[in-house]
Amino acid sequence: MGSLGNSANSKAVHEAGEDDYDHHKHLSPTHQQLDAGALFVLKSKGSWLHCGYHLTTSIVAPPLLSLPFAFTFLGWAAGIISLVVGALVTFYSYNLLSLVLEHHAQLGRRHLRFRDMANDILGPRWGRYYVGPIQFMVCYGAVIACTLLGGQCMKAIYLLSQPNGSMKLYEFVIIFGLLMLVLAQIPSFHSLRHINLISLFLCLAYSACAAAASIYIGNSSKGPKKDYGLKGDTESRIFGIFNAIAIIATTYGNGIIPEIQATIAPPVKGKMFKGLCVCYTVLIITFFTVAITGYWAFGNHSEGLLLSNFVDDGNPLVPKWFILMTNLFTILQLSAVGVVYLQPTNEVLERTFADPKSKELSARNVIPRVVSRSLSVVIATTVAAMLPFFGDINAVIGAFGFMPLDFILPVVFFNLTFKPSKRSLVFWLNVSIAVVFSALAIIAAIAAVRQIVLDAKTYRLFANV
């Protein structure tokens with residue numbers, strides 16, 4: 001009976017949502033004349049499952065292989081607490097963001113982009129001069145980081161077969177860039193759904209491989225002596241803690257929640273929550289297994305990328321084919337992650353160069369699309385090849401970009417949109433999240449800049465690291 005009632009309710013809600021949608025289609029001229037970016041890149045055709053695939057690809061990505069390294073600055077207790085807090089706060093704030101988007105959609109103003117939300121809630125200057133630029137920086141930074149990491153994984157495979165090989169890192173970065181060049185031409189975010197489903201299985205695969213290899217090495221006599229003590233003097237320990245927090249925040253970071261929600265077919269109500277549940281199921285399995293097994297096996301010898309720990313002075317500690325397989329899974333998923341983070345850039349390019357009145361696949365739109373997207377991938381690949389120390393720069397981008405977009409703005413948007421009572425728990429919870437993470441973002445940015453200053457003497461353009 002309850003289910004009958006529920007289905008009747010959900011039918012009513014569904015119809016109301018459809019009416020709402022039709023209503024706002026007639027009412028809202030801005031949405032009837034969508035710009036080319038929204039029309040071609042952010043098509044609203046997907047289901048909640050597709051949304052789950054997009055979310056998983058954008059959050060559960062190879063940077064999770066640096067979690068054991070973050071633990072080396074925090075130790076066991078603080079490391080696990082940080083992981084749990086990161087999961088709870090991001091799941092909460094992504095849901096708040098989704099509720100705000102749903103609320104505006106029901107009012108007949110469906111926001112398809114982060115900057116549209118900021119324009120509407122905070123005012124046009126915030127959207128244009130703050131949210132738009134930091135989102136672009138975060139997403140393009142992620143594309144460069146994926147290209148660099150892809151090149152490093154390819155080089156790791158090459159060095160296994162040719163320990164004295166002469167190929168340099170930037171050559172592998174360019175090879176990975178060519179793969180990205182092909183994938184970048186996929187027209188819309190929605191058309192990535194099958195790639196992102198494969199990507200979901202790939203992240204489970206390399207996480208399982210990384211955990212299995214860590215357990216195998218940890219139980220054998222091959223691995224390093226287990227030492228979980230924190231290294232360095234007091235100053236470097238304190239900065240290390242904030243560096244680790246920046247790494248964990250960036251690992252949980254997304255930055256494109258509104259764009260992912262834009263791919264859902266109306267009515268949107270409740271679909272994002274289901275998508276987030278899919279994503280966080282995969283996230284909890286992968287993040288916690290990799291972080292705990294990796295840190296258990298290598299202690300404070302954990303490298304910036306866990307896969308580097310599987311080779312000791314050129315000698316593989318697990319069978320070569322196993323390292324090759326793990327790196328291959330990682331490379332394939334990196335290409336999917338890179339393409340997902342290209343979408344906001346593609347949307348801007350499409351809006352600038354495409355004509356919404358012509359067909360999506362007409363010559364008028366295809367030629368500028370191929371040229372502009374290819375150029376954006378070429379620039380990202382060139383930067384990745386030139387700056388192999390981009391990881392340090394990415395920590396700064398993480399502190400300035402991911403922290404505000406994923407931890408601070410969602411709670412601010414929620415309080416400004418729904419105006420909860422100042423006596424309510426929700427209001428104070430949101431205020432405290434905003435205050436704590438604003439402070440953490442500033443300190444993490446300082447720690448990241450300090451790291452760049454310390455490492456600057458080892459930087460060389462096109463270095464073969």
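One caution before the details. This is a predicted model.

Start with how we talk about packing. Two packed helices are described by the angle between their axes and the distance between the axes.

First pair: α7 and α8. Helix α7 covers residues 124-161, and helix α8 covers residues 169-183. They pack at an angle of about 120°, with their axes 8 Å apart. Roughly perpendicular stops at 115 degrees and roughly antiparallel needs over 145, so α7 and α8 are oblique to each other. The crossing of α7 past α8 is right-handed.

Which residues of α7 meet α8? On the α7 side, they are Val143, Cys146, Thr147, Leu148, Gly150, Gly151, Gln152, Met154, Lys155 and Tyr158. On the α8 side, look for Leu169, Phe172, Val173, Ile175, Phe176, Gly177 and Met180. Sort that contact by class and you get 11 nonpolar, five polar and one charged residues.

Helix α6 is residues 114-121, and helix α15 is residues 390-418. Here the angle is about 40°, and the axes are 11 Å apart. Roughly parallel means under 35 degrees, so α6 and α15 also come out as oblique. Their crossing is left-handed. From α6, the contact uses Phe114, Met117, Ala118 and Ile121. From α15, it uses Leu405, Leu409, Phe413, Leu416 and Thr417. By class, that is eight nonpolar, one polar and no charged residues.

Helix α12 runs over residues 271-298, 28 residues in total. It reaches 40 Å from first C-alpha to last, close to the 40 Å expected at 1.5 Å a residue. What follows α12? Gly299 does, with a positive phi near 55°.

Next, α14, residues 363-386. This helix has 24 residues and spans 34 Å between its end C-alpha atoms, close to the expected 34 Å. Its buried residues include Asn365, Arg369, Arg373, Val377, Ala380 and Ala384. What do the buried residues of α14 pack against? They pack against α3 (36-41), α7, α8 and α13 (320-353). Two of those names, α7 and α8, are our right-handed pair.

Terms used:
Residues are numbered from 1 along each chain as its sequence is written. This is a predicted model: local features need pLDDT of at least 70, side-chain atom pairs count only at pLDDT 80 or more; totals for chains, interfaces and linings use all residues. Side-chain values use heavy atoms; hydrogens and water are left out. Axes are lines fitted to C-alpha atoms, for helices over the stretch in contact, and angles run from 0 to 180 degrees between N-to-C directions. Helices (H or I, at least four residues) and strands (E, at least two) are DSSP runs, numbered from the N terminus. Angles under 35 degrees count as roughly parallel, over 145 as roughly antiparallel, 65 to 115 as roughly perpendicular and the rest as oblique. A crossing is left-handed if the near helix is turned anticlockwise from the far one by less than a right angle, and right-handed if clockwise. Contact means heavy atoms within 4.5 Å. Ala, Val, Leu, Ile, Met, Phe, Trp, Tyr, Cys and Pro count as nonpolar, Asp, Glu, Lys and Arg as charged, and the others, Gly among them, as polar. The expected span of a helix is 1.5 Å times one less than its number of residues. Buried means under 20% relative accessible area, exposed over 50%, partly exposed in between (1.4 Å probe, protein chains only).
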